[in-house]
Amino acid sequence: MPGAKRQAVAHLQEVFEVSQRRACEDLGVDRTSVRYVSRRPDDTAARVRIRELAGQRRRFGYRRLHWLLCWDGWTMNHNKFRRLYREERLQVRRHGGCRKALGTRAPMAITQGANQRWGLDFVSDALVCGRRFRIFALVDDYSRECLALVADTSISGLRVARELDLAILELQDKPAMMVSDNGSELTSMAILRWSRDRDVEWHYIAPGKPQQNGLIESFSARLRDECLNETLFTSPGHARQVLADWRHDYNHFRPHSSLGNRTPAEIGASSVGKPGWGLNANPAVAITPSLGHQTGLRPLRRHWVVERTFAWLGQCRPLAKDWEASIASSTVWATIASIRMFIRRTAGYRYA
């Protein structure tokens, strides 16, 4: 290495009191390499900013950190950034080993727009006191937008149906298909009735094949790696606040390599697809809204408050879509928020 050769020449000059020419001849070093003075610019400010970004995003690799640095207005190619990243020793250590998926993968239809297919899954974690809690995650497969992150010590099938209704009410649109595993909460009668009443097709992946719902599995891995493993939760309320902040950052500021280093909010805003294009569930593993686990499925009788509220919301929906009438829209949405709270308390739901 040139640096080691310069140090060797300097050592000979100091110890044996010889000239630079003699020391270079004895060591076989070119004098031009010894006299070379680096002309590289001072990268102190860039190194400081890279360390700041790496401190904020501890589980980001050099590619995402490079995009964040470019978003801040810096001009630097990936080769130089990787050299600085390596010299600062900011490499991210992987947790566990890399396993290869076994067996064949079931093909899945490619979505063409937002709200065509939603994936959902559960993630578990624990508080500092050792108490376990679960997180219900809901993601749009097209835009990768996280639609819901619900944390609680117990989440039943009825609670999942309620959170799905809240997500649909917030977006003013429903998906054409839901994709999930075969968990007890997601195969309960409450979910089957919700799927039939809302006319939403529900697709269950094959048992032992999580790769058939790979997008939500990838999201769960990012959630655990970037949020859960980096935070000590003191209470369920603290967990909900941290998850809400992380969800906002994930949807609006985190670059996604699969989306061309854009954010899910940008993809969702530019999506012009219509729900239901090219989505057909596998009849071998799918449970349609008209069929359940057993025949003779009786319709679910909802609370009278829920029935009247849904009828009233159906009348107010055209007003809520008229964004030009700002006063009417704000009044409608304020009333909807109040009624949502009233439904939760009156209909006997568990409110967290």
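Analyst: A residue counts as buried under 20% relative accessible area, exposed over 50% and partly exposed in between (1.4 Å probe, protein chains only). The model is predicted, with local features requiring pLDDT of at least 70 and side-chain atom pairs pLDDT 80 or more, while totals for chains, interfaces and linings use all residues. Numbering starts from 1 along each chain as its sequence is written, and side-chain values use heavy atoms, without hydrogens or water.

Ala239, Val242, Leu243, Trp246, Asp249, Tyr250 and Asn251 of α10 are buried. Their cover includes strands β2 and β3 together with helices α9 (214-226) and α11 (264-270) (contact means heavy atoms within 4.5 Å).

Aromatic pairs number nine in the structure (ring centres within 6.5 Å, taking the six-membered ring of Trp; planes under 30 degrees apart are stacked, over 60 edge-to-face, the rest tilted). Helix α6 (residues 78-87) holds Phe81 and Tyr85, four residues apart, about one turn of the helix. Phe81 is buried at 1% relative accessible area, and Tyr85 is buried at 5%. In the pair of Trp246 and Tyr250, ring centres lie 5.0 Å apart and planes meet at 25°, so this pair is stacked. Trp246 and Tyr250 both belong to α10, again four residues apart, about one turn of the helix, and both are buried.

Terms used: Helix = DSSP H or I, 4+ residues; strand = E, 2+ residues; numbered from the N terminus.
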